[in-house]
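Welcome! Have a look at it first, and then read on.

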Amino acid sequence: MSERRESNLSALQTLKRPMPCYYLNLHNGHGPIIDEDGADFADLASARQRAVEGIRSLLSHEVLEGRIDLRGHLDIVDETGVTVAIIAFADTIEIVQR
Amino acid sequence: LADLTNGERAALKGLAEPAITYARGTVIRTEGEEPLPFLLHAGWAAASASSADGTRQFFKVHLPGDVMGAPSLPLQRAAETLTVLTEASVSRMSLKALGRLFADHPRVGALLFLTANEERVILMDRLTAIGRRAATPRLAALLLHLDERLTLIDSDRPSILELPLTQEQIGDLIGLTAVHVNRVFRTLENRGVIERQGRIVKIASRETLRQLAAMPKRSIARNPAWLPPSR
């Protein structure tokens with residue numbers, strides 16, 4: 001816990017009050033990929049925003065390779081190990097087709 | 001880059017003011033302050049800059065022996081914030097002594113010029129990786145680069161990296177999000193290229209990592225003949 005706080009440098013500089021830590025665990029056909037670092041966020045909404053950006057980044061690279069797999073999801077887990085949000089890949093983008 | 005005479009070594013040592021040991025996470029110098037250079041004797045550090053949206057972008061990892069903050073020397077105010085990622089021993093460098101060094105030891109001055117250009121090559125390769133390579137080669141190239149740099153310091157070291165960087169910081173260095181970095185680490189593990197336990201990364205095959213990185217191997221030209229003679 002203290003190790004993570006110390007290494008989160010931007011947080012260290014601006015920390016006025018303890019920020020909640022969330023872990024963004026990925027499930028997308030490679031087996032669960034556990035976020036061992038976690039990161040401090042202002043609130044769950046900020047963690048959700050970061051998660052959506054992360055998913056979109058993954059998908060953008062898939063688009064470049066010509067194949068996009070929307071079956072994955074990302075779990076946001078709090079410091080007590082409770083999953084507080086599940087974000088489906090498919091919910092992070094809008095697909096417009098003819 | 002070159003073998004130094006005793007006089008040149010002494011002049012280089014004379015640049016460094018007494019070393020100070022900093023606890024992990026300490027900010028040594030913030031952007032906007034006086035653009036003094038620092039010498040990193042031991043430990044890891046990083047250079048970063050704040051973005052318009054209030055977040056911080058990390059762009060350079062400093063390893064023992066590095067001069068830090070040199071890019072800001074031409075500027076009135078420092079462009080980068082320097083932070084130690086581990087406990088680290090750091091000296092401020094004397095600009096007066098640096099000026100004397102250029103006058104008294106032109107060969108060392110030329111070597112510093114070469115070092116700055118070597119850094120440009122590293123940035124060229126990084127930009128190429130971010131602009132033209134997929135996520136896996138980017139991370140492979142970064143791990144290879146850190147491994148090679150550490151091997152320059154200690155040629156007998158095993159291929160094990162103890163990375164004091166968060167995935168977000170690694171992502172900054174290679175233009176990926178933390179979530180993506182996490183998945184690419186898993187890809188490298190699944191391919192048997194690395195083994196990972198927390199922040200310790202064991203490189204199982206440097207050769208495979210090199211192939212994955214798909215970057216040219218940069219070999220340093222030691223003791224180039226055109227350098228001015230030692231004084």
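This is a predicted model: local features need pLDDT of at least 70, side-chain atom pairs count only at pLDDT 80 or more; totals for chains, interfaces and linings use all residues.

Chain A and chain B bury about 2300 Å² between them, and 3 salt bridges are found across their interface.

**Confidence**

- Chain B has a mean pLDDT of 94, and 100% of the residues of chain B reach 70 or more.

**Where chain A and chain B meet**

- The contact draws on 27 residues of chain A and 25 residues of chain B.
- Carbon and sulfur atoms give 52% of the area of about 2300 Å² that is buried between chain A and chain B.
- Between chain A and chain B, 7 residue pairs are in polar contact, counting pairs with both residues at pLDDT 80 or more.
- On chain A, at least two residues each of the side that touches chain B come from α1 (2-7), α2 (9-14), β1 (21-27), β2 (32-33) and α3 (44-64).
- Of these, α3(A) gives the most to that side of chain A, with 7 residues.

**Salt bridges from chain to chain**

- R50(A) pairs with E168(B) in a salt bridge, and their closest N and O atoms are 2.7 Å apart.
- D37(A) and R199(B) join their side chains in a salt bridge as well, at 3.1 Å from N to O.
- This pair crosses between chains: D37(A) sits in the loop between β2 and β3 (39-40) of chain A, and R199(B) in the loop between β10 (194-197) and β11 (200-203) of chain B.
- D37(A) has a relative accessible area of 13%, so this residue counts as buried.

**Salt bridges within chain B**

- Over all chains, a search of the whole structure finds 17 salt bridges.
- One of them links the side chains of R149(B) and D66(B), at 2.6 Å from N to O.
- R149(B) belongs to helix α4 (residues 135-153) of chain B and D66(B) to the loop between β5 and β6 (67-68), so their pairing ties together parts that are 83 residues apart in sequence.
- R149(B) and D66(B) are both buried.
- Another salt bridge joins the side chains of D147(B) and R157(B), at 2.7 Å from N to O.
- Here D147(B) is in helix α4 of chain B and R157(B) in the loop between α4 and β9 (160-162), so the pair connects parts that are 10 residues apart in sequence.
- D147(B) counts as buried at 1% relative accessibility, and R157(B) counts as buried at 13%.
- Through shared partners, salt bridges bring D147(B), R157(B) and R206(B) into one network.

**A histidine to look for: H62(B)**

- You can find H62(B) in strand β5 (residues 56-62) of chain B.
- With a relative accessibility of 7%, H62(B) counts as buried.
- The side chain of H62(B) makes a polar contact with the side chain of D66(B), at 3.2 Å, and D66(B) is also the salt-bridge partner of R149(B).
- Leaving aside residues up to four places away in sequence, H62(B) touches several residues, including W44(B), M68(B) and L82(B).

Terms used:
Residues are numbered from 1 along each chain as its sequence is written. Chains are lettered from A and ligands numbered from 1 in the order in which they are written. Side-chain values use heavy atoms; hydrogens and water are left out. pLDDT is the predictor's confidence in each residue, from 0 to 100. Contact means heavy atoms within 4.5 Å. Buried area is the accessible area (1.4 Å probe) that two parts lose on being put together, summed over both. A salt bridge is a side-chain nitrogen of Lys or Arg within 4 Å of a carboxyl oxygen of Asp or Glu. A polar contact is a pair of N or O atoms within 3.5 Å; within protein, one must be able to donate a hydrogen and the other to accept it, and residues adjacent in sequence count only if both atoms are side-chain atoms. Helices (H or I, at least four residues) and strands (E, at least two) are DSSP runs, numbered from the N terminus. Buried means under 20% relative accessible area, exposed over 50%, partly exposed in between (1.4 Å probe, protein chains only).
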